[in-house]
Amino acid sequence: MSEKALEGTKVLEYASFISGPYCSKLLADLGAEVIKIERTGVGDEARRRGPFLGDIPHPERSGLFLYLNTNKKGITLDPETQTGRKIFLELVRWADILIEDKPPKEMEELGFTYDKLKEINPQLIMTSITPFGQTGPYRDYKAYPLNVVHGAGSGYLAPGGSQNLEREPVKSTSFSDDAACGISAAFATICALLPRWSTGVGQYIDVSKQEALMAMDQVELCQYPNEGKVASRKVDPRMAIRVTPCKDGDMMIIAMDDRQWKGLVSMMDEPEWTKDEIFKDILSRMQHMGEMLKNVAPWAMQHTRDEMYHTGQERGAPVAPIRSIEEAANWQQFKERDFFVEIDHPKAGRISYPSAPYKLSKTPWEGGAAPLLGQHNEEVYSTLLGYSKEDIVMMREAGVI
Amino acid sequence: METNKRPLDGIRVIDFSQVWAGPYATLLLALMGAEVIKVESRKRIDGSRLSSLTTGQRFSGFDSSTVYNELNLNKMDICLDLGQPKAIELAKRLVTISDVALQNFRPGVMDRLGLGYEALSEVKPNIIYLSSSACGSTGPERAYAGYAPGFASLSGLASLTGYSDGPPFTMGGRIDLISATTSAFAIVAALNYRARTGEGQYIDLSSSESISVTIGDVLMDYTMNRRSRRRDGNHDEVMAPHNCYRCKGEDDWISIAISNDEEWRAFVNAIGNLDWARDEKFQDAFSRKQNEDELDRLISQWTINHTKYEVMDMLQKAGVAAVPSFSSEDLFNDPHLKERGFATELEHPIMGKTTVLSPPWKLSATPARITRHAPLFGEHNNYVFGELLGMSQEEIETLMEEEVIH
């Protein structure tokens, strides 16, 4: 077995639900040793959220939890007890990286600020992922993923191409933006790890989910200070990316540069209307997107998404079918690339998980199951921290672990 | 202790990528301190110098694109016509003094040019080489071209976004930038591996997969239960209220999400214990979800009498998650973001004063930083060919005449 990219990196996770756990999952999947702390008794919030295997709610059968916590070790701990606090600090001493997502006040009350923790471990990299960051008037505001998306300005842009502004702006799907915040935080965290190999410098990383998401919408957002334009979900007639209904669903079409336009024309077998002056160049096409779509629509209704996709791609038009979840999950391209992998789990059995979007030639991705609640208590408390069996029994009875 | 040091100081990246997904990845590396050399040519100008697919903007000349500026801060720019053998040789010489190479041509193109991983790892054995493509560099659709809306479409994400009775939404720049952040993460993971082992490697990144992994839970609902979820506006599977509600003002909205009975009681209290809010059909999470349409309507009747800021203030004080659906104008005038220094003003030699976003993470010891505006077209030819490769002015001029440096 080859050495993994982040092998030897020790990560303590004190986080729940999506962004924080996803951040440390990315590190765990690349070989970091992640110990995840869950609250005694209840565990990670994601355990109480679906999808549940067979639609039977159970903390060990949540697809959301199973997905976000692959390759980690799990322990239970109540850091609000004195012993729990002491153990937390012992784990901080062990760790290279601490990833946490608690409200800033909660960490302060527990005495787990970076300033305190670095006294215990001066080389610690501590990454905090919160809705609005550690400073500023909104830092203590509560925000679920829905609120983060709207608070970052992403919601205001969706669904783009709306004709009716009486309807509300919407979130992007599911929890994808919260996961995106996790990726951004993971990037910053392993950047900070690099100088550690040479200089051993520790540091604190403040990640505001609002700003992490704004960064990803920056091209739309920065139109305001630079051009005075407030982008919104309202249809922008110049937009060269459109969705058109076709015989068996919806198709995304682009006709921006000449090559793409020629591809699109060729895909449709060169209809007469495409020869009109108004479609002669990119500038003119952008001014006449409406006319273009009106002409494309009847043709599209005669063709399936797959016909358009394969013919279009062959001829230089980067069109794409809008796939349902079922279709995406069964996409041949994913199969050939082994994008879904089966992972065995003691309670959920063998099920299929999305793996990673990158293939590193020397350090391949490997899937290991998410931990059961408190699965690694024994290993962590006795082997790693040196507590006796009797201690562990007592701590369990006291509700510490 | 804050220093001028940055985490990727001393790392050199040669960037053959264009448009958004590649350039944003190298932007993140450049903000973290890497020296990024971007390769363009008159025959292959980065499209974002000219226009933006997503916003429909068009720019005049090569050096007046705000979009290019935002995505290429801190970088250097050279022009090399990769159609010419001499240019390939120069690119290879640059690779020998680089740590990372990145490209987002269609799979196979760089190999044909003689700049594939195998060729480059011969001249620089420990190079980290990332290929970013729509569908990945293996599999039947490897040669298919794609842009961000394509990744959103193929990955399943677009079908999940929008109103339940409306069309799907392919989203904007975010899709490219998520893919780009993923690329940057994979590169730094490989840099960590190299720091320990001295070895480089090849990274094959699929942009469609980079979007699919952000909806892992939804895909697993399919693999576990054969359920194919559809878009449903702002709604959540279990939480209610969970929506955007219209406020006083023009196109002003507030998002409100309530996850348990305690938050519900705080909400009812904060809005003044209105009669309807005490109706038993809203008293537990299950009932609220069952009666969600009515609940949404009633909440809207309350929010419409207040500004979004009033609602945020009232509800946050009560411990309820309420945040406006901010527009870009709101964000750039927001006191919280201003206090955090979220934006940076920059002087650009052609455009004058421009505004870009500051790096989205605050690192205490080695902070990410914006050091300069995006490069003008070919701005660093002399520095890169002259100083880095040690070529004479004469040599450079000859290559310009031959349109190798072009």
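This is a predicted model: local features need pLDDT of at least 70, side-chain atom pairs count only at pLDDT 80 or more; totals for chains, interfaces and linings use all residues.
## Where the two chains meet

The interface can also be described by the residues that take part in it, for 153 residues of chain B are in contact with 153 residues of chain A. The size of an interface is often given as the accessible area lost when the parts come together. Between chain B and chain A this buried area is about 13,200 Å², and carbon and sulfur atoms give 61% of it. Within the area that chain B buries against chain A, Tyr163(B), Arg174(B) and Phe185(B) supply 6%, which is more than any other three residues.

Charged side chains also take part in the interface. Side chains of opposite charge can pair when their charged atoms come close. Between chain B and chain A the count is 14 salt bridges, and Arg337(A) with Glu209(B) forms a salt bridge in which the closest N and O atoms are 2.8 Å apart. On the side of chain B that touches chain A, the largest share comes from helix 7 of chain B, residues 174-197, which contributes 17 residues.

## A sheet built from both chains

The two chains also share an open sheet of 7 strands, whose order is 12(A)-6(B)-5(B)-4(B)-1(B)-2(B)-3(B) and whose pairing is mixed. From one strand to the next, the twist averages 20°.

Strand 12 of chain A is joined by 3 bridges to strand 6 of chain B (residues 201-206), and these two strands run antiparallel. Within this pairing, Lys359(A) has Asp204(B), in strand 6 of chain B, as its bridge partner. Elsewhere on the sheet, helix 1 of chain B (residues 21-31) lies across strand 1 (12-15), strand 2 (35-40) and strand 4 (100-103) of chain B, and this helix runs at about 165° to strand 1 of chain B.

## Domains and a sheet within chain A

In chain B, domain 1 covers 12-214 + 360-401 and domain 2 covers 252-326, and here the C-alpha centres lie 45 Å apart.

Chain A also holds an open sheet of 3 strands in the order 7-8-9, with antiparallel pairing. Strand 7 (241-246) and strand 9 (320-321) of chain A stand at its edges with a single partner strand each, so one side of each is left without a neighbour in the sheet. Strand 7 of chain A pairs with strand 8 of chain A (residues 249-254) over 6 bridges, and the bridge partner of Ile241(A) in strand 8 is Ile254(A).

## A salt bridge between separated parts

Over all chains, the structure holds 59 salt bridges. One of them is formed by the side chains of Lys4(A) and Glu366(A), at 4.0 Å from N to O. Lys4(A) lies in the segment before strand 1 of chain A (10-14), whereas Glu366(A) lies in the loop between strand 12 and helix 17 (377-384) of chain A, so the pair ties together parts that are 362 residues apart in sequence.

## Backbone details

Most residues other than glycine have a negative phi, and most peptide bonds are trans. Against this background, the peptide bond from Ala158(A) to Pro159(A) is cis, with omega near -5°, and Pro159(A) is placed in the loop between helix 6 (145-151) and helix 7 (176-199) of chain A. The peptide bond from Ala240(B) to Pro241(B) is cis, with omega near -5°, and Pro241(B) is found in the loop between helix 9 (216-225) and strand 7 (242-246) of chain B.

Glu270(A) is a residue other than glycine with a positive phi, near 50°. The place of Glu270(A) is in the loop between helix 11 (258-267) and helix 12 (282-287) of chain A.

How values were computed
Residues are numbered from 1 along each chain as its sequence is written. Chains are lettered from A and ligands numbered from 1 in the order in which they are written. Side-chain values use heavy atoms; hydrogens and water are left out. Two strands pair if DSSP finds at least two bridges between them. Helices (H or I, at least four residues) and strands (E, at least two) are DSSP runs, numbered from the N terminus. Axes are lines fitted to C-alpha atoms, for helices over the stretch in contact, and angles run from 0 to 180 degrees between N-to-C directions. Contact means heavy atoms within 4.5 Å. Buried area is the accessible area (1.4 Å probe) that two parts lose on being put together, summed over both. Domain bounds come from an automatic or database domain assignment.
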